[in-house]
Amino acid sequence: MINWWSFAEVVIASVVSAGLLVTLFSTALRVGDGDARWRRPLSVALYVLCGLVVAFGIYLIVPALHAFGT
Amino acid sequence: MDIWLIVALVVALALFFDFTNGFHDTANAMATPIATGALKPKVAVAIAAILNLVGAFLSTEVAKTISGGLIREGDGGIQITPVLVLAGLIGAIVWNLVTWLMGLPSSSSHALFGGLIGAVVVGAGFGAIDGSVLVAKILIPAVLAPVTAGLISFLVTKIAYGITKKRERDGFKKGQIFTSSLVSLAHGTNDAQKTMGVITLTLIAAGWQDTGTGPAFWVICACAIAIAAGTYSGGWRIIKTIGRDITDIEPAQGFAAEAATTATILASTHLGFALSTTQVASGSVIGTGVGRKGASVRWKTAGRIALGWLITIPAAGLVGAIAAFIAGFGLWGIVLDVVLAVAAILAIFLRSRRNLVDHRTFHVPEPGVFVRPKRRKGQKRTGERR
């Protein structure tokens, strides 16, 4: 009755996405802390990647963006 | 003539349930940003309210499937009547308010299911309830949700603290705004629809709407406004429980917990293994409390919350069953039901005034603002302007 495979999928997807988001954001904070010239652009790039992860979240939440035709 | 009155009552109670759903669940998204000071309390609930309002208009998928499963319908099953829906809603509302009074983050969906189950059992017997669906769709996920979210939250808290240095961790506050907003939006797309589903189900049962059609536009609007108003009124007691009482939350933990909550909820809704938002959010906060060195989790509070989850369905079911029993006496029974429900709501509200918890509870002084120390007794007011 319980679909354990779909539960496993949920766990894997959650670990990967939460881990990715937190790693990106933490690294952005870490890299952004300092005076060297290379730090700032790299940090901004990492924040942008975070933004993309969040945008993917919005894409998943809003059905009009991904569920047309169904 | 009767049907008019009953449908009107169901719509009114359903909207009130939607309101309680809103203020019960503000905490899921906004407890951690409020606790860490990432967002001011009033701003946080305003953002949550707007996102819930927007979310309610985005989808009607859940509303369309609300009546499927759990309660057996069609051939060999029973037809759920508006009166039973009314009784179920009374059970859900009363239980939602009781748990709010105790500051327990219980699942509003479980309260609704519990109330409806109780009402249906009285109206049609135990045979009307599909026990295996109850176990598979509600009980097992209720155990898995907090454990999963807790583990993920524990893991990402370790990552966040491993990568960053202490002085950088205030930066997580900005991130918290985005993750908590995502949780709010996801909540809006799901929860307002439960009420839309209930109202639509009633309209169909009353014969005013065709079977198989989705919620009418006025239903969507009314539900969106009710849940947004509820969210904005802020369930401060529950926010206090999740944000303050389980563990003390730092910005990095808040971000980690919100990321875990968001990821788990989105994954569960999109991979077909539904988990309760409330249970995921509470699990995340516990996980992040275990994950930070030096943080302690108040397991007694966590235990109280778990107990609340355990008894939500039976308790709401009991109230729903009593309401259904009284409603069995006909029109006067229904009127008595509503009178009793309103009395219970008023009593709980008055009781809550005795120890008020509101947004002022979460006042965090701005860093750098001088906090005037308390004056000792007998100390003279020297050189102080009025």
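Student: Is B:L86 buried or exposed?
Tutor: Happy to start there, keeping in mind that this is a predicted model. B:L86 sits in helix α4 (residues 82-101) of chain B. Its count is 27 other C-beta atoms within 10 Å, and a residue needs 20 or more for the buried class. B:L86 is therefore buried.

Student: Which residues touch the most other members of the largest nonpolar core?
Tutor: This core has 134 residues. Helix α1 (residues 2-36) of chain B gives the most to this core, with 17 residues. B:L13 touches B:L86, B:L89, B:I90 and B:I93, with residues up to four places away in sequence left out. The members with the most contacts to other members are A:V22, B:L13, B:L86, B:L89, B:I90, B:I93 and B:C223.

Student: Among contacts in chain B between residues at least 6 apart in sequence, what percentage join residues at least 24 apart?
Tutor: Here we begin with the contacts in chain B whose partners are at least 6 apart in sequence. From these we keep the ones that join residues at least 24 apart, and the share is 88%.

Student: How are α1(A) and α2(A) oriented to each other?
Tutor: Helix α1 (residues 4-32) of chain A packs on helix α2 (residues 39-61) of chain A at an angle of about 160°, and their axes are 8 Å apart. α1(A) passes α2(A) in a left-handed crossing. Because an angle over 145 degrees falls in the antiparallel class, the two helices are roughly antiparallel.

Student: How many nonpolar, polar and charged residues are in the contact of α1(A) with α2(A)?
Tutor: On the α1(A) side the contact includes A:L20, A:L21, A:L24 and A:F25. On the α2(A) side, A:R39, A:R40, A:L46 and A:Y47 are among those that meet them. By class, the contact has twelve nonpolar, four polar and two charged residues.

Student: What is the orientation of α1(B) to α9(B)?
Tutor: α1(B) and helix α9 (residues 236-245) of chain B pack at an angle of about 45°, with axes 8 Å apart. That angle makes α1(B) oblique to α9(B).

Student: Which handedness does the crossing of α1(B) and α9(B) have?
Tutor: The contact draws on residues of α1(B) including B:H24, B:M30 and B:I34, and on B:I238, B:I239, B:I242, B:G243 and B:R244 of α9(B). By class, its residues divide into eight nonpolar, four polar and one charged. As for the way α1(B) passes α9(B), the crossing is right-handed.

Student: Is B:M30 buried or exposed?
Tutor: B:M30 belongs to helix α1 of chain B. It touches B:A44, B:V45, B:A48, B:S180 and B:I239, setting aside residues up to four places away in sequence. With 33 C-beta neighbours inside 10 Å, B:M30 counts as buried.

Student: And is B:S296 buried or exposed?
Tutor: B:S296 lies in the loop between α11 (277-291) and α12 (299-327) of chain B. It has 10 C-beta neighbours inside 10 Å, and the exposed class takes 12 or fewer. B:S296 therefore counts as exposed.

Conventions
Residues numbered from 1 in each chain as written. Chains lettered and ligands numbered in written order. Predicted model: local features only at pLDDT ≥ 70, side-chain atom pairs only at ≥ 80, totals over all residues. Helix = DSSP H or I, 4+ residues; strand = E, 2+ residues; numbered from the N terminus. Contact = placed C-beta atoms within 7 Å. Core = buried A, V, L, I, M, F, W, Y, C linked by C-beta atoms within 7 Å. Axes fitted to C-alpha atoms, helices over the stretch in contact; angles between N-to-C directions. Parallel < 35°, antiparallel > 145°, perpendicular 65-115°, else oblique. Left-handed = near helix turned anticlockwise from the far one by under 90°. Nonpolar A, V, L, I, M, F, W, Y, C, P; charged D, E, K, R; others polar.
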